[in-house]
Amino acid sequence: MYKIFLTFILSIFLLPYSSTFAVEVDMLIPPSDFQAFDTPNDNGKSVSLRWPSSLSESTEAEYVVYASLRKNGPFTTEVLRINSKTMYEEGSDSNFHYMEIKPGKFFKKESDNTDGKPSYFFKLVMMANPENVAVENIASVTPKGNWFNWKKLNNFIILIAFSALVLWFIEHAKKNPNLYLRKISGLDAIDDALGRATEMGKPVLYVHGLNGMGSISTIAAVNILGRIAIRVAEYDTTLKVSNIDPIVLSVSQEVVKESYLEAGRPDAYVEDNVFMAASEQFPYVAAVSGIMIREKTAANFFMGYFYAESLILAETGAATGAIQIAATDSYTQLPFFITTCDYTLIGEELYAASAYLSREPLLLGSLRAQDIAKGIIITALVLGAALATVGIGFISFLFKAG
Amino acid sequence: MDKKTDVSILTWILVAFCIVNIFFLVTGKLGFDAKGLGIITAVALTLAMYSFLYKDNPVFKIAENLFVGVAMGYWIIITWFNILKPDVYEQLIVPFFKDTGNAPQYIVIIPTILGIFMLLRFSDKLSWLSRWSFAFVVGLGAGITIPNFIHAFILKQLTFDSLIAGSLPDSINNFLILLGVVSVLIYFFFSLEHKGVIGGVSRIGVWFLMIAFGASFGFTVMARMSLLIGRIQFLIRDWLGIIQ
Amino acid sequence: MNFFKRTIPLIIAFIMGIMMAFQYYVPHEASQSLLKVVTRWGITIAGFAVFIGAYSLFHLHWNKIKRKVPGWGYSNFVFFGAGITVIFGLYNGGEFFLHDKQEGTMFDWMYFNVQVPAGATMFSILAFFMASAAYRTFRARTSEATILLVAAVIVMLGRVPVGALIWEFLPPIADWIMSVPNMAAKRGILIGVSIGAIATSLRIIFGIERAYLGGGD
Amino acid sequence: MERLLRVDRRILFAFVAAAVTIPLLIKFDLPVIATKEVKGIYNKIESLPEGSHVLIAFDYDPASKEELQPMAIALLHHCFKNNIKVIGMTLNPGGTGLADSAITEVGNEYGRKYKEDYVFLGYKTGVELVMINMGENIYSAFPKDFKGNATTDMPALKDVQSLQDFDFVVDLASGSSIEAWIAFGKEKYNFDLGAGCTAVIGPDMYPFLQSKQIEGLMSGLKGAAEYETLIERKSSAVAGMSPQSVVHVLVVLFVIFGNFLYFMTGRKK
């Protein structure tokens with residue numbers, strides 16, 4: 001700070017000299033002040049230069065800044081050359097010029113030799129042509145690194161607050177697993193579809209997406225599978241589950257078996273009904289489509305993450321007249337499910353459905369924390385737009401990305 | 001009967017394909033060199049892929065499995081030449097045996113060991129070591145994701161535009177954008193029942209979602225058709241030479 | 001042993017996560033150096049992932065061949081394709097793999113004449129299914145699906161040159177759909193998905209989400 | 001009518017094949033008018049002085065070749081024509097061959113020299129880790145180029161230390177790499193970013209256009225065709241626009257006709 005102060009004092013001393021240049025009208029009037037200071041919130045590589053606008057600025061006149069590692073020069077290294085009508089400081093109403101430069105770039109060799117942090121000296125020159133030159137005084141600065149980027153303060157607060165929310169609600173959900181979640185209407189549709197399959201005496205087909213157990217969509221899909229399996233066991237229908245991933249296959253077998261046990265029908269569980277259809281995308285499509293056509297499945301469920309195959313699967317199912325319900329968070333495939341299926345759970349509804357059914361504290365708590373974050377964003381958006389309409393930019397200041 | 005027709009269709013297509021290519025080779029339209037034979041191979045694979053349209057068949061399955069294998073082989077070799085060779089082999093191992101002017105970069109040992117640990121995932125006894133590597137990479141990814149996502153996808157995406165803009169259409173658009181973002185967020189809000197005002201707004205959210213999905217739908221149709229156009233261009237330009 | 005198998009990975013993930021998240025707010029040079037070193041390591045570790053992919057693929061097809069499951073014969077072509085490509089790649093046009101990669105070798109030929117045409121054709125098959133689904137199954141069965149299809153038709157026609165010939169206002173309407181309602185909905189989705197991703201990252205850092213560690217103890 | 005609904009798929013397939021092939025054979029030109037999204041990229045490159053550095057990330061593989069390769073070639077023509085130094089890279093292992101061939105062929109066409117006027121850095125994995133590493137120091141991420149040359153002191157990379165020093169970065173993506181380039185590249189290291197992508201993900205990019213996180217967007221073959229029109233070098237993408245138009249009309253007719261039949265037969269389920 002004291003350095004800025006020093007330059008300021010210095011500039012007052014030098015002011016009389018600069019004003020002598022201004023005697024003639026067509027002479028350039030250099031800016032009345034010139035400051036160099038360490039750029040805040042940076043890694044210590046850049047310095048900021050700032051000076052008030054001169055009265056004689058024009059599109060012909062240029063500002064040139066020379067730098068040196070010594071106070072007495074020589075000032076031969078040009079570090080900046082701008083049109084005098086450009087680079088105004090934001091919000092200064094064209095009264096100040098401001099820019100950040102990285103002097104290390106220009107003194108690569110020299111600064112390597114100096115121990116510690118070098119000091120840089122800058123000379124500001126205003127010129128319109130080689131003859132018409134006005135010199136402002138010299139400013140110096142030692143750049144240094146900072147330990148916190150204050151422009152990112154709001155980001156940091158969001159990080160801390162959201163972490164606290166997530167952790168707290170997961171703990172809360174552990175104690176209180178009946179955390180309220182709105183009913184997902186797609187879940188009723190599942191029961192209807194199962195009921196119809198029972199009436200028709202045709203099997204139910206559950207189709208896994210292509211992702212492995214590492215994906216949240218698959219975990220959610222397996223949770224829903226458990227619930228479907230219980231119902232199927234109660235209704236005494238056949239459930240076929242097609243897989244593409246060997247690990248998902250073994251997890252699904254486990255889940256279906258447990259569900260049958262829970263429904264009191266362990267005898268009805270047939271391991272071969274939870275099977276590996278294929279290991280690549282298109283053979284998977286061909287195999288699953290084949291099952292739909294041959295067995296005339298009454299209800300098809302597509303759950304998990306799907307890629308381009310979604311279209312062919314859903315189309316084949318629709319052509320066989322099955323009731324189809326899809327749930328996926330792969331947004332690029334959703335349009336095809338919506339137009340070919342009877343009911344589609346969109347994006348996050350898949351996770352919500354799985355949390356709703358499994359009552360897993362991890363899922364419930366996290367979902368609640370995310371809801372609160374969304375609530376804050378919604379409020380901010382509505383309030384911010386309303387305030388902006390009447391000309392108050394307070395909310396946009398709070399959420400400014402630094 | 002079905003199988004018989006299929007086999008005869010396949011035979012006829014094969015015969016036609018051979019005749020056309022032999023004709024091209026004899027007339028010199030395709031050279032009997034790496035390039036000419038390359039085009040014939042590429043055409044054969046392209047047609048084999050399209051045979052799926054008739055039905056799932058052995059020719060398609062062979063082509064697909066071959067493709068999967070070649071792609072994996074390519075990935076392995078490219079990883080060697082682009083990552084493992086320059087970043088591990090040349091920095092850590094070569095300097096031991098040859099004077100390259102650089103000392104061996106011992107620091108590379110750490111990621112190399114973690115990389116090798118990762119492969120122990122398939123061992124019965126030592127698979128737990130792979131968890132260390134996964135923990136490193138996943139933890140690193142999670143750590144850098146949080147602040148960067150808050151910045152780029154939340155703070156930067158929140159716009160607080162005045163609802164009274166320069167012109168009437170702009171004002172309406174600003175309002176619609178606000179309404180769209182808010183209503184979609186409310187649709188994905190699970191802690192309140194969708195009744196009353198919330199229900200109404202979430203209903204609007206559904207409409208916005210449907211328009212957006214319609215746009216995606218249109219663009220996806222466009223994408224798939226473009227791929228087909230490209231392949232047909234390849235067939236009739238590079239192979240048959242009908243168009244330039 | 002549990003300490004090495006479970007606790008240490010959780011500690012590593014926690015330390016890495018916290019350190020890298022906080023690093024973002026520290027502009028100091030020391031923090032930048034840390035970021036540089038850690039990401040450099042990450043790239044090298046990720047490079048080894050190719051072998052995980054290769055193992056899974058080969059293991060799967062090897063099992064198919066060993067157990068003679070229906071269609072096992074096709075699995076041989078996976079090994080054939082991969083084997084030949086790897087051999088050509090290692091042979092490297094006579095220079096072998098310890099030298100720099102050569103241009104115009106058989107390895108490149110395999111890429112341009114097998115992988116490129118097969119890969120490029122694969123998804124173009126969908127063009128046909130898209131059209132047949134348009135005819136047979138894309139139905140305006142609900143009001144939602146109706147809105148979707150109407151928007152899709154406008155965008156499909158408005159985005160190709162013929163749109164302006166059909167009706168001069170089609171392209172501007174399509175552009176408006178893209179940049180206002182589509183944009184707004186996609187932004188809503190983006191914000192929701194990002195919050196979800198941040199929550200998942202937090203759960204990983206705090207050791208609540210452990211799926212990435214795989215099963216077992 | 002029932003029978004019309006149950007028409008064999010393969011007849012519909014034949015319609016599609018005809019709708020694509022016939023317009024390619026009987027050439028007719030349709031006017032391709034550039035949208036403001038594509039102009040955003042064109043104008044940015046046009047505004048760069050000679051000798052500027054443009055980084056092109058070829059983040060796609062053969063599966064998206066037909067959409068993205070024409071785009072890449074048009075972009076490369078524009079850069080080489082304006083004497084801009086091109087630095088190529090890829091985050092997709094399957095994209096290396098395509099990227100290398102595109103950059104070399106177009107470079108040769110303009111007589112540009114490898115290592116001096118352009119360079120292909122090759123493939124690295126780890127997506128956001130690569131971006132951040134390049135943002136800190138590009139020579140740390142890519143010590144060698146694709147051909148095995150050391151990158152330090154390479155004339156094409158003179159004055160480039162990190163991502164920040166690029167005058168423009170364009171990501172050509174078939175996956176989610178644009179989002180990654182925004183979050184871990186552009187927003188972290190402050191450079192101008194343009195995006196080209198398959199049409200499938202095109203609509204998802206509009207929030208970033210509106211928030212000015214990307215300067216411009218080319219989506220799909222149509223985006224490539226617009227770019228070809230802007231640089232006045234019409235090639236396969238423009239040629240593809242007439243079949244594209246015809247086949248879109250066909251699909252729209254299918255949707256309308258299919259729904260008409262559906263409602264006429266009493267929407268039975």
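Me: How many residues does the contact take from chain C and from chain B?

Reply: The contact takes 98 residues from chain C and 96 from chain B, where two residues are in contact if their C-beta atoms, placed from the backbone, lie within 7 Å. A word on the source: this is a predicted model, in which local features need pLDDT of at least 70, side-chain atom pairs count only at pLDDT 80 or more, and totals for chains, interfaces and linings use all residues. Residues are numbered from 1 along each chain as its sequence is written, while chains are lettered from A and ligands numbered from 1 in the order in which they are written.

Me: Happy to move on to chain B. What makes chain B more spread out than a compact globule?

Reply: Start with its elements: chain B has seven helices and zero strands. Its radius of gyration, taken over C-alpha atoms, is 29 Å, well over the 18 Å that the globule rule gives for 244 residues, so chain B is more spread out than a compact globule. The rule itself is 2.2 Å times the number of residues to the power 0.38. Along its principal axes, the C-alpha trace of chain B spans about 75 × 60 × 45 Å.

Me: Why do strand 1 and strand 5 of chain A stand at the edges?

Reply: In chain A, three strands form an open antiparallel sheet in the order 1-2-5. Strand 1 (35-38) and strand 5 (96-101) each have a single partner strand, so one side of each is left without a neighbour in the sheet. Pairing takes at least two DSSP bridges between two strands, and six join strand 2 (residues 47-52) to strand 5 of chain A. Among them, Arg50(A) has Tyr98(A) as its bridge partner.

Me: Why is strand 3 of chain D largely enclosed by the rest of the structure?

Reply: A residue is buried if 20 or more other C-beta atoms lie within 10 Å of its own, exposed if 12 or fewer, and partly exposed in between, with C-beta atoms placed from the backbone. Six of the six residues of strand 3 (residues 118-123) of chain D are buried, so this strand is largely enclosed. Four bridges join strand 3 to strand 2 (residues 85-90) of chain D, and the two run parallel. Thr90(D) has Tyr123(D) as its bridge partner in strand 3.
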